[in-house]
Amino acid sequence: MSNGTQSEDWAPSSWQQRRALQQPHYEDAAELAQATAQLAQLPPLVTSWEVLALKQALAEAQEGKRFLLQGGDCAESFADCSSPIISNRLKVLLQMSLVLVHGLKQPVLRVGRFAGQYAKPRSADTETRDGVALPSFRGDVVNGPEFTPAARRADPQRLIRAHAHSALTMNFVRALIDGGFADLHHPEYWDLAWVEHSPLAAEYRRMVAGIGDSLRFMETLAGPIAGFTKVDFFTSHEALLLHYEQAVTRQVPRHRGWFNLSTHFPWIGMRTAALDGAHVEYFRGIRNPIAVKVGPSVTPDQLLPLIDALNPQNEAGRLTLIHRMGNAKIAEALPPLLQAVMRDGRRVLWVADPMHGNTESTSNGYKTRRFDNIRGELDQAFDIHAAAGTRLGGVHLELTGEDVTECTGGARGLSEADLQRAYKSMVDPRLNYEQSLELAMLIVRKSVGGQGSEAG
């Protein structure tokens with residue numbers, strides 16, 4: 001290995017020699033080639049030094065010095081690339097991180113699941129309605145949600161549009177943060193219009209007041225503290241469409257190897273994590289920190305070779321394992337994996353995704369998740385890691401800053417009947433603002449009260 005992740009037989013295109021799952025069928029190969037060639041000439045969305053800074057921060061999270069908060073939409077849409085939606089999404093992540101920083105007494109690493117999360121894996125290649133079969137909707141980067149042949153055609157030009165919308169999103173987030181949007185002196189900037197109606201509003205406001213008092217006390221003694229006016233913020237997405245990812249993989253001056261410069265932190269989904277598959281082949285060659293979703297069917301004999309393929313030099317900060325087991329399966333499925341990884345000395349960051357294993361359909365036809373199951377899986381994750389002597393170093397959540405009704409339960413006790421009031425997701429159900437903030441508070445109570453600092 002030349003640099004810890006890349007070998008001489010790897011190239012950004014070498015994935016094309018492997019079986020690539022979850023890829024759309026493009027009817028015109030020349031049209032696809034033209035779009036990816038154009039994409040390859042566009043400016044990058046992130047920089048190599050940002051990527052390497054995130055890798056160092058993830059290494060600190062592995063050591064228990066940080067906690068990772070990764071969250072955002074299940075699948076972004078081009079229509080949602082607007083300032084209110086972007087700023088509300090950033091607000092809820094900032095508010096959650098404020099809760100976590102205050103409660104865990106350690107830095108929180110903020111990673112948005114956006115600015116590129118335009119593709120979604122699907123369980124079937126086609127969808128049938130009234131006897132008519134059309135390609136499945138695979139996200140705005142591939143096709144449109146309308147059930148027509150024209151909308152469902154895989155359009156290579158959407159790759160260019162996805163890059164443009166990612167750039168617009170990234171630019172606005174950077175401008176907000178650089179302009180002081182995340183200034184701890186003014187957490188009131190983060191309030192959402194309907195925060196006053198939340199059952200958790202009073203507790204949150206007490207927390208904000210306490211942080212403000214502490215900050216003013218420190219600055220009375222030491223003067224202005226510049227680090228409280230800005231935060232580090234990174235982006236992530238599932239690197240599903242490999243033609244897109246190949247086109248945005250670049251070499252840069254003064255750094256060896258290849259970087260995916262469309263995002264700081266790409267991950268492999270559970271459906272595309274086969275050891276001999278195209279996604280693992282692509283991921284093994286990029287220098288970004290990377291993550292893999294790990295489901296309940298994965299065994300130690302499958303996981304350990306995957307770890308070796310993706311992190312052969314056992315680098316700190318390189319590999320994150322995001323377990324998504326489901327509330328009913330985590331107690332049986334997770335412990336053998338923790339034991340095997342710890343026994344063999346593999347350096348990974350363990351993160352819990354309590355969302356994807358707890359999806360169900362209601363009697364009135366909505367896809368939803370019960371807040372009690374989300375909380376239950378997260379509670380069990382902390383306990384299982386504590387019992388194994390490992391550390392749960394973060395959470396991965398599907399959430400939004402909008403007042404949606406997609407997951408049942410939570411402080412306001414949403415029922416199945418409430419789902420129709422504001423169900424907006426095109427793919428998976430998300431936590432709304434209140435539920436997200438409540439979960440952050442529950443993480444603090446569980447981590448500090450249930451496990452102590454060693455498990456946080």
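In strand β8, F265 is the bridge partner of S236. This pair belongs to the parallel pairing of β5 with β8 (residues 265-268), which extends over three bridges; two strands count as paired if DSSP finds at least two bridges between them. Helices (H or I, at least four residues) and strands (E, at least two) are DSSP runs, numbered from the N terminus.

The model is predicted: local features require pLDDT of at least 70 and side-chain atom pairs pLDDT 80 or more, whereas totals for chains, interfaces and linings use all residues. Residues are numbered from 1 along each chain as its sequence is written, and side-chain values use heavy atoms, without hydrogens and water.

**Barrel and hairpin**

Eight strands form a closed barrel with parallel pairing, in the order β1-β2-β5-β8-β9-β10-β11-β14. From one strand to the next, the twist averages 30°. Angles run from 0 to 180 degrees between N-to-C directions, and axes are lines fitted to C-alpha atoms, for helices over the stretch in contact.

β6 and β7 run antiparallel and form a hairpin, as follows. Strand β6 (residues 249-252) is joined to strand β7 (residues 255-260) by three bridges, and V252 has H255 of β7 as its bridge partner. Two residues lie between the strands, and R254 in the turn has a positive phi of about 70°.

| α2 (residues 48-62) | β1, β2, β5, β8, β10, β11 | about 130° with β2 |

**Largest cavity**

The largest cavity holds about 90 Å³ of space. A cavity is a set of points on a 1 Å grid over the protein atoms alone where a 1.4 Å probe fits but cannot get out, and lining residues have an atom within 4 Å of a point. Grid points are joined across faces, edges and corners, and a volume is the space filled by probe spheres set on the points. The lining includes Y118, S166, H237, E238 and Y244, and divides into seven nonpolar, three polar and two charged residues. α5 (157-178), β5 (233-238) and α7 (242-247) each contribute at least two lining residues.

Note on methods
1 Å grid on protein atoms, 1.4 Å probe; cavity = no way out; pocket = protein on both sides within 12 Å on 5 of 7 lines; lining within 4 Å. Nonpolar A, V, L, I, M, F, W, Y, C, P; charged D, E, K, R; others polar. Contact = heavy atoms within 4.5 Å.
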